[in-house]
Amino acid sequence: MSPFSSLLMLLLLGLAQAQQDTDEEFSGNEEETVDLTTAILTTNNGTSESLLEGDMLLPKTRNALKCFSNSCLWKKSFNGLVTIPYVISPQFSGMERQKIENAVKSFHGRSCVRFVPRRNEYDFVSVENGGGCFSALGRQGGRQVLSLNRDGCIYHGIIQHEFLHALGFQHEQTRSDRDSYVRIVWENIDRAMAFNFHKQDTNNLNTPYDYSSIMHYGRTAFSVNGRDTIVPLSHANIGQRRGLSRVDISRINLLYGC
């Protein structure tokens, strides 16, 4: 093999490895075959926390997309970056910690949001091995818990999903214009759980309804009989688990002025 051919082979191998590394960073080393909605709701079943829509701690403030004077948005620094301090509980193993860090780093290359290890900041996210997969909605002030139960929540898509709640985003299927895009099948929903499907007064940031959002629940969320509770008014798939969609990223940048 000539020196030129050898060099070309090395370059191609390097590019292939770089692409593999990128895919792994953004897909979370996709060994996960579990449905995101099923994983979250199953893991949260029986938790003592009061949760809205299955995985949001009942907010003390308004939805972060419509909060007074942006009080529940994270602050932007003079350098244009939105820096969010976080700590990870020592209860997580080294591999679990790495998965969490990979998921939060996936925000960095595509937005001005930066999740950084906490030093002594007053407002911060505390990632804990709690009773399920859940988060507060937007910045609450002080220490706020983001729970990732070790037995059901350590998946790339679920981690991103909960951190998007912490940024201030609600579920796609409860946005204000959802009835133009999905049909809620009320008869398949436990009456005690019906409140989880109430529409919210959301600021949709002039972005389209996104069936592929990591914030969209799957077809059988909160089903009492195994049948569909959310039916798209198109042939779209919902409830993907791989990671942030393009619209998810666009909304982060719009909300935080990236």
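The predictor's confidence in each residue is expressed as pLDDT, on a scale from 0 to 100. The structure described here is a predicted model, in which local features need pLDDT of at least 70 and side-chain atom pairs count only at pLDDT 80 or more, whereas totals for chains, interfaces and linings use all residues. Residues are numbered from 1 along each chain as its sequence is written, and side-chain values use heavy atoms, with hydrogens and water left out.

For the protein chain, the mean pLDDT is 81, and 73% of the residues reach 70 or more. Residues 3–31 have pLDDT below 50, and this stretch has 18 contacts in the model beyond near neighbours in sequence; a contact denotes heavy atoms within 4.5 Å. Over residues 60–65 the pLDDT likewise stays under 50, and the model has 22 contacts beyond four places in sequence for these residues. Where pLDDT is low, the predicted coordinates should not be read in detail.

Together with helix 3 (residues 94–105), strands 3 and 4 make a right-handed β-α-β unit. A crossover is termed right-handed if, with the strands pointing away from the viewer, the path from the first strand over the helix to the second runs clockwise.

Two disulfides were counted, a disulfide being a pair of cysteine sulfur atoms within 2.5 Å. The bonded cysteines, counted along the chain, follow the pattern 1-4, 2-3. Cysteine 112 is joined to cysteine 258, with an S to S distance of 2.1 Å. This pair links distant parts of the chain, 146 residues apart: cysteine 112 is in the loop between helix 3 and strand 4, and cysteine 258 is in the segment after helix 5 (246–255). The torsion about the S-S bond of cysteine 112 and cysteine 258 is about -65°, and the disulfide is therefore left-handed. Burial was assigned from relative accessible area (buried, under 20%; exposed, over 50%; partly exposed, in between; 1.4 Å probe, protein chains only). Cysteine 112 is buried, at 7% relative accessibility, whereas cysteine 258 is partly exposed, at 45%.

The other disulfide is formed by cysteine 133 and cysteine 153, whose sulfur atoms are 2.0 Å apart. The link of cysteine 133 and cysteine 153 is left-handed, with -90° about the S-S bond. Because cysteine 133 lies in strand 6 (residues 133–135) and cysteine 153 in the loop between strand 7 (143–148) and helix 4 (156–167), the pair ties together parts that are 20 residues apart in sequence. Both cysteine 133 and cysteine 153 are buried. Cysteine 72 is also buried, at 0% relative accessibility.

Helix 5 has as its buried residues Val247, Asp248, Ile249, Arg251, Ile252 and Leu255, and these pack against strand 4 and helix 4.

Leucine 146, a residue of strand 7, is buried at 0% relative accessibility. Beyond neighbours within four places in sequence, the contacts of leucine 146 include Val127, Phe134 and Phe163. In the loop between strand 7 and helix 4, asparagine 149 counts as buried, at 14% relative accessibility. The side chain of asparagine 149 reaches the backbone oxygen of glycine 130 at 2.7 Å; polar contacts are pairs of N or O atoms within 3.5 Å, for which, within protein, one atom must be able to donate a hydrogen and the other to accept it, and residues adjacent in sequence count only if both atoms are side-chain atoms.

Threonine 229 is placed in the loop between strand 8 (182–184) and strand 9 (230–232) and is buried, at 0% relative accessibility. A polar atom of the threonine 229 side chain lies 2.7 Å from the backbone oxygen of alanine 221. Among the residues in contact with threonine 229, leaving aside neighbours within four places in sequence, are Arg183, Ile184, Asn188, Phe197 and Phe222.

Technical notes. Helix = DSSP H or I, 4+ residues; strand = E, 2+ residues; numbered from the N terminus.
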